[in-house]
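These notebook entries record what I looked up in one structure. I began with the surface and then turned to the strands.

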Amino acid sequence: MLYLKIYFIIPVFKTEKYLPRCIDSVLRQTYRDTEIILVDDGSPDGSPEICDEYKKNYPNVTVIHKENGGLSSARNAGLDYLDGIAAEDDYITFLDSDDFVREEFAERMISLCESFGAKAGQCGYEKGEADMFSAPAKKVAETAADAETMLLNRDLKSQSCAKIYQKALFRDIRFPVGVLNEDEFTTYRIIYAAETVFLTDEKLYYYFQHPNSIMSGIKKNMKGSPHLMDWMNAYRERIDFFTEQNKPIQVQRTREKICTDAILRYCEQKHLKKEDRDELSRTGRYLKIYRENFPKMITRRGISLRRRLMYVIFYIAPFSAVRVGTIFGKDTAYRK
């Protein structure tokens with residue numbers, strides 16, 4: 001029986017064009033015990049007024065206005081607010097303010113949590129520039145497993161969105177402020193604490209892509225950035241975490257993720273003009289990181305023969321990956 005609340009935490013910053021579509025998609029949920037937490041992160045456009053208008057007209061909408069602190073700060077503000085009102089077994093999901101969800105998102109995600117006895121789960125997603133979903137698939141795949149198995153599953157993504165979490169999982173976890181790749185610092189910890197996790201490929205979340213989105217500008221804007229090594233710092237923390245937990249397979253999986261990321265970033269940079277490439281590319285650091293981690297991960301059981309072959313080829317002849325272009329895919333926003 002569905003009876004628990006689900007809270008949508010929506011950080012808001014300079015998305016006045018898309019915000020109503022985002023909020024309306026939550027208001028149309030078939031699951032009625034739904035609350036919306038709009039966190040205005042000091043947005044300089046008309047977004048704060050839009051938030052206040054929805055709060056005035058809908059009793060299940062809460063608005064938090066705060067100084068600009070970035071995505072992590074906004075998500076944390078929503079989590080801190082829920083500490084005072086939400087039950088530990090209620091549910092939380094994160095929705096970016098230019099994205100939107102199917103009207104069945106909450107009902108399906110909570111139903112799957114209850115069916116599998118899971119404390120967290122992930123749905124499929126569409127990605128593009130449309131204003132609505134395409135027709136739903138006639139058949140969907142659903143599975144669940146223990147958290148350690150799921151952390152080895154390539155279908156489990158690092159991003160915080162398109163997921164559902166029991167609130168208790170965030171008891172001691174917050175997003176790191178002032179970094180990029182904030183999800184890489186947190187998602188594995190939350191999943192590890194969840195014990196049982198489900199996956200469905202039913203597309204319930206829409207990632208809207210536009211020229212001003214955060215991820216669309218990363219490869220061209222990282223030159224000289226103080227955040228150039230945030231992704232690697234996140235993986236170092238993950239290695240330390242699983243080393244302390246005595247989980248060597250998870251450490252190997254993390255080193256594989258480092259290698260995948262190094263390949264993707266190397267290939268991205270090679271598609272730029274030399275003068276536009278970041279410091280890690282120009283100094284050969286991506287290749288050094290790859291070669292440091294390759295021998296420590298390649299022996300892990302569970303790596304497919306195809307991927308194992310691609311890892312070896314890149315180790316021997318990295319520029320071949322650029323020539324074939326998409327052996328791992330060039331999309332760095334929703335990967336690994």
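I looked for a nonpolar patch on the surface and found one formed by V312, Y315 and I316, with about 260 Å² of accessible area together. Patches are made of residues with over 30% relative accessible area and no salt bridge, and nonpolar side chains (Val, Leu, Ile, Met, Phe, Trp, Tyr) are joined within 5 Å, like charges within 9 Å. A salt bridge is a side-chain nitrogen of Lys or Arg within 4 Å of a carboxyl oxygen of Asp or Glu. Accessible areas come from the Shrake-Rupley method with a 1.4 Å probe, and for residues only the protein chains shown count as cover.

I noted that this is a predicted model, where local features need pLDDT of at least 70 and side-chain atom pairs pLDDT 80 or more, while totals for chains, interfaces and linings use all residues. Residues are numbered from 1 along each chain as its sequence is written, and side-chain values use heavy atoms, without hydrogens and water.

I located V312 in helix α12 (residues 305–316). Helices (H or I, at least four residues) and strands (E, at least two) are DSSP runs, numbered from the N terminus.

I then examined strand β9 (residues 196–208), in which 10 of the 13 residues are buried. Buried means under 20% relative accessible area, exposed over 50%, and partly exposed in between.

Which strand runs parallel to β9? I found that β6 (residues 120–128) does, through eight bridges, and that Y125 stands opposite Y205. Strands pair if DSSP finds at least two bridges between them. Strand β7 (residues 142–146) runs antiparallel to β9, with five bridges; D146 has T196 as its bridge partner.

Note on methods: Buried means under 20% relative accessible area, exposed over 50%, partly exposed in between (1.4 Å probe, protein chains only).
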